[in-house]
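Try each task before reading its solution.

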Amino acid sequence: MKFIIVFAALFALALAAPADVEIVRSESEVGPESFKYVSETSDGSKAEAEGKLNYIGTEQEAIAVRGSYSFVADDGQTYTVTYVADENGFQPQGAHLPVAPEA
């Protein structure tokens, strides 16, 4: 069920793109315990992710996702974010993102 929600959210995001932007690549595989997708639009935006269900059948059952997305900003630069989303939360990384000081 979780994978259907993720897939539906990504599909809605693609539909929300401006009318003059076209999807030039869209691939996805959705299974009961994993998913994978890649998408690209004509404006240079790209997204890809793969996720799998961990600790199946336990109280700690959780989805773990690794992915990235990039987009061309108004300043003409392409910004890329790579991320992990798992039981430790959403952990993005990107050259343009601020980094917290070491503890």
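**Exercise 1.** How many bridges join β2 to strand β3, and in which sense do they run?

Solution. This is a predicted model: local features need pLDDT of at least 70, side-chain atom pairs count only at pLDDT 80 or more, and totals for chains, interfaces and linings use all residues. Numbering starts from 1 along each chain as its sequence is written, and side-chain values use heavy atoms, without hydrogens and water.
- Locate β3 at residues 46–54. Strands are DSSP runs of E, at least two residues, numbered from the N terminus.
- Count 7 bridges to β2; the two strands run antiparallel. Pairing requires at least two DSSP bridges.
- Inspect the hairpin of β2 and β3: 4 residues lie between the strands, and Gly44 takes a positive phi near 95°.

**Exercise 2.** Describe how β1 and β2 are linked.

Solution. 
- β1 spans residues 23–30 and β2 residues 34–41. They pair antiparallel over 7 bridges.
- Val30 stands opposite Phe35 in β2.
- The joining hairpin has 3 residues.

**Exercise 3.** Which residues make up the largest nonpolar core?

Solution. 
- Apply the criterion: buried Ala, Val, Leu, Ile, Met, Phe, Trp, Tyr and Cys residues, joined through side-chain atoms within 4.5 Å. Buried means under 20% relative accessible area (1.4 Å probe, protein chains only).
- The 6 members are Phe35, Tyr37, Ala47, Ala49, Val65 and Tyr83.
- β2 and β3 are the elements that give two or more residues to this core.
- Ala47, leaving aside neighbours within four places in sequence, is in contact (heavy atoms within 4.5 Å) with Tyr37, Val38, Ser39, Ser68 and Tyr69.

How values were computed. Buried means under 20% relative accessible area, exposed over 50%, partly exposed in between (1.4 Å probe, protein chains only).
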